[in-house]
Amino acid sequence: MKRHLTGGCVSELKCLWQREDGQDLTEYVLLLAFIALTTAALVIAPMSSVNQIWEDGNSELSTAASAASS
């Protein structure tokens with residue numbers, strides 16, 4: 001493990017924890033996690049509605065195709 005000349009930190013993580021630079025990094029990681037989870041929720045939630053619309057449209061097209069061929 002290396003020692004830094006300025007603070008005598010034993011590891012990079014300990015130095016980040018002691019300096020305020022680590023706080024910014026933590027905040028950015030938390031913000032990124034929040035954005036990722038929100039995006040996932042917004043994408044997953046309407047999937048059942050889209051699936052239902054797709055099935056309804058498919059059923060209507062099948063009905064129309066069988067009526068047209070008769």
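These legends accompany close-up views of a predicted model of one protein chain.

**View 1. Overall fold of the protein chain.** The predicted model contains 3 helices and 0 strands. Along the sequence, the pattern reads α-α-α. Helix H1 covers residues 12-18, helix H2 residues 21-44, and helix H3 residues 47-69.

**View 2. Surface of the protein chain.** Of the 70 residues, 4% are buried.

**View 3. A nonpolar patch on the surface.** The patch is formed by Tyr28, Leu31, Phe34 and Ile35. Together these residues have about 470 Å² of accessible area.

**View 4. Tyrosine 28 in helix H2.** This residue lies in helix H2, which spans residues 21-44. Tyrosine 28 counts as exposed because its relative accessibility is 60%, and exposed means over 50%.

**View 5. Confidence along the protein chain.** The mean pLDDT is 82. A value of 70 or more is reached by 77% of the residues. Confidence is lowest in helix H1, at a mean of 71. Helix H3 has the highest, at 91. Where pLDDT is low, predicted coordinates should not be read in detail.

Terms used: Residues are numbered from 1 along each chain as its sequence is written. This is a predicted model: local features need pLDDT of at least 70, side-chain atom pairs count only at pLDDT 80 or more; totals for chains, interfaces and linings use all residues. Side-chain values use heavy atoms; hydrogens and water are left out. Helices (H or I, at least four residues) and strands (E, at least two) are DSSP runs, numbered from the N terminus. Buried means under 20% relative accessible area, exposed over 50%, partly exposed in between (1.4 Å probe, protein chains only). Patches are made of residues with over 30% relative accessible area and no salt bridge: like charges are joined within 9 Å, nonpolar side chains (Val, Leu, Ile, Met, Phe, Trp, Tyr) within 5 Å. Accessible areas come from the Shrake-Rupley method with a 1.4 Å probe; for residues, only the protein chains shown count as cover. A salt bridge is a side-chain nitrogen of Lys or Arg within 4 Å of a carboxyl oxygen of Asp or Glu. pLDDT is the predictor's confidence in each residue, from 0 to 100.
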